[in-house]
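Dear colleague,

I am handing over the structure below, and my notes on what was found in it follow directly after.

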Amino acid sequence: MATGIKDKVAILGMGCSKFGERWDCEPADLMAEAFEECIKDAGIEKKQIEAAWQATGIDTFNVGPGAIPLSMALRLPNIPVTKIENYCASGTEAFRAATYAVASGACDFALALGVEKLKDMGYGGLPQRSRGVTNDLHFPNVSAPGVFAQLAAGYTAKYSTNKEDLKRAMAHVSVKSHANGAKNPKAHLQRSITEDQAMRAPMIAEPIGLFDCCGVSDGAACAIVTTPEIAKSLGKHDIVTVKALQLCVSNGEEVGFNDWDGSYIATTRHAVKRAYAEAGIKNPREELSMTEVHDCFSITELVTMEDLGLSADGGAVKDVLDGVFDADGEVPCQIDGGLKCFGHPIGASGLRMLYEMYLQFQGRAGERQLSDPRLGLTHNLGGFPYQNVSSIAVVGRHDA
Amino acid sequence: MIGITAYGAYLPRMRLQKKVIADANGWFDASLKGLARGEKAVCNWDEDAITMAVEAASDCLGAGDKSADALIFASTSGPFLDRQHSVVVAEALNLEIDAIRTADVTASQRAATSALLFGLDIAAAKSASQVVVVGSEHRRTQVATREEMLYGDGAAALTLGNNNVIAEYIDSHCTADDFVDHYRADGSKYDYGWEERWVRDEGYMKIVPKAVNALLEKAQLTAADIKHFVLATDQGRVPAMLGKALGLSGEAIADNLLESVGITGAAHPLLLLAHRLEQAQPNDLILVVGFGQGCDTILFRATDAIGSKTPQYGVSGHLARGRAEENYNKFQSFNELLDKGLGKRAEVDKQSFLTAMYRNRAFTTGFKGAKCSACGTVQIPKHKYCVNPECGAGDTQDEHPMSNAVGHVATWTADELTFDFNPPAYFGMVVFDGGGRLMMDIAEVDPETFDTGVQVGVHFRVKQIDSQRGFRKYFWKAIQVQ
């Protein structure tokens, strides 16, 4: 009988590069920057790492195929290295692979590293690219904001939400993340904005405006995982362990079956239900100290609050406007600035979220340090609202 | 009795105001201002001779009629030199392609009247029981020319057969004459024409009367018997001059739609015929003339059934559905008349993988989905396993036609970021009445009336243009029901 992942694996060390427009860096430089911080933090030597997973979301652009980029970048000692691509969940997926490797007893030390180098593209936003030979025959030629804007249409229709109220709540989401990002020296965007600025920004994909979109960035983040016992034997205190790791992938029901109404992410709901069970969480709004969710767009964060059970269905607009998820709110969300301001180098994002959790649990988050956080949830969403992958990780203090 | 059994038409909704062409180019050629009356129908970026032919034939056939067993496509502006347009149109109409005759007729302004004659012969020979003849033109014209002022885009379709004939075929007479009033050479994008006065005096006024009189003589009729005289020409005064010379009544002469549609080339005789058929009364004699390196003359008599088969929209319906467009730059962009920067997002390789296109043609060309024989769930595209999570049965998907389905928009956006020839790109989730849903492009959006919940139908449109290889692929887009 499977018992789940809870408390079987500890994070021994983490690192994260500065995110942003890293014009002067190769992907290998970003990987090295994150890794050097991580290996120093872990207190082991590179040769002790027994397996590694590299996460890159759009490998056809820049970083390149296979796992060779990571092995080459760090001159890893000919260990098994595997590349993982699972849309925006890639980083969390690499972490899941490394965690499972340790939990299985296959190795004592495993590395998960996510990297993306998007700013060589020559234009803002994500690279316009093929969706596959057959999909290109019929898929609309979408942009990412275009597909996520569908959530706003579905949400407004379902709850008869006033479009102005929804836009204001979306603006609040972004204002909050900018305020948080301003306190994070590694964040891509470190300036505060006003609600008025967010509301009046140029339209990208109705009703998503410029400030409703996350930054597209260069960056890398990584984690070395081991068992709690080994971590203790290495003299570690404030050990952070994995409480749950779940993934849910669409099978075509949302896009092909007359049920889904476009107002929520079905996969997130499936994944989080399993994650709460795995972590033993009964009342997430009370038990979770913080969340880092996939705020690729402000509307995504807003509906995710409902998908995670932190707001009642139809209640996120009010909760957001009431400041429930602000830095000083009941369950702070994106305390590091989120995808919105920390930035979104796709493959690195899941690990960047875990990095913030890890710092917070160890009291190392500087100006944005929360008071006594114990349990946190990270969430990634890749693909489209109607056809996607959702990953959930719950991590916390080993004693939580 | 052999004759016309149904008719239909299609005009693009975009109606370019001719004034904007004259305003932009009048400094260069003041004579354009004299032609700047009214508007002309012009293709959106995702319309061409194929998509308009599908629309016109659908308008003619009515929803779900698959009984036609021959289809002839007539055009001088089809997107391919070697790929039979009539086959694409037949597949998009979901005709029974395992037993069908198809052909393209081209290279003359009388291509459609010639196609009509071939179709009548096929029907008379009982080589097919119902023949679709469709004329369709997406006309390319050079900037600041008379042709730019006068040409328009559109399509018209007829079905021919011997059941429920609404206009009986009486007789025809054809001539050939290498009178080169204009030409378009291999590799040329535009027509090159000769002096109008010569075309009028030596062409229309000599070639047409000779052929018409030969037909009238054969049919033992006089010009005064003709109730509808259909002659397509971009010379506004020619029909009346010919009428006078032939002895036709003034009422018989069909309006050339110069100020509402523009001259739709080879399609125009069929378009004018479809327009007159809307007005024809039983026993009316209808004379159709096709002019171009000779002359086709074809005579019909309306039967008592003339009012029994009307198109969904017809020419009148499509005339009323126009939307005035005053953006000349947009027309120029859609017709590649500008060396326009499309931005880096347009640089993605648009290769069409013909193997995959062929495998998926029931879905992509025919818009066929599937219905589960175990639980009745409709889904599109077809899949091995049923999408209903309560069912999930394998190999239970029966092909299910959905090109006539209507549905509503459940989610949508207007995407300003992605590349589109006509931004913003509208797309969204369409939920079909009776089951099935699909994330799809939405075309012809009127932002004033469009929102979640609006009713939509699906229409065959250009999906993507691969300008690197000269290929284009087609798919269906949702369009708000008017």
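Chain A is divided into domain 1 (10–119 + 218–233) and domain 2 (143–200 + 243–397), with bounds that come from an automatic or database domain assignment. This is a predicted model, in which local features need pLDDT of at least 70 and side-chain atom pairs count only at pLDDT 80 or more, while totals for chains, interfaces and linings use all residues. Residues are numbered from 1 along each chain as its sequence is written, and chains are lettered from A and ligands numbered from 1 in the order in which they are written.

The centres of the two domains of chain A, taken over C-alpha atoms, are separated by 24 Å. In domain 1 of chain A, 32 residues are in contact with 28 residues of domain 2 of chain A, contact requiring that the C-beta atoms, placed from the backbone, lie within 7 Å. The largest share of the domain 1 side, seven residues, comes from H3(A), where helices (H or I, at least four residues) and strands (E, at least two) are DSSP runs numbered from the N terminus.

Between the chains, 37 residues of chain B are in contact with 35 residues of chain A, and E18(B) gives the largest share of the chain B side, six residues.

Chain B also holds an open sheet of nine strands with mixed pairing, in the order E5-E4-E6-E7-E1-E8-E13-E12-E11, two strands being paired if DSSP finds at least two bridges between them. Strands E5 (101–105) and E11 (226–231) of chain B stand at the edges, each with a single partner strand, so one side of each is left without a neighbour in the sheet. E4 (residues 70–74) of chain B runs parallel to E5(B) and is joined to E5(B) by five bridges, with B:Ala70 opposite B:Arg101.

Best regards

Key. Contact = placed C-beta atoms within 7 Å.
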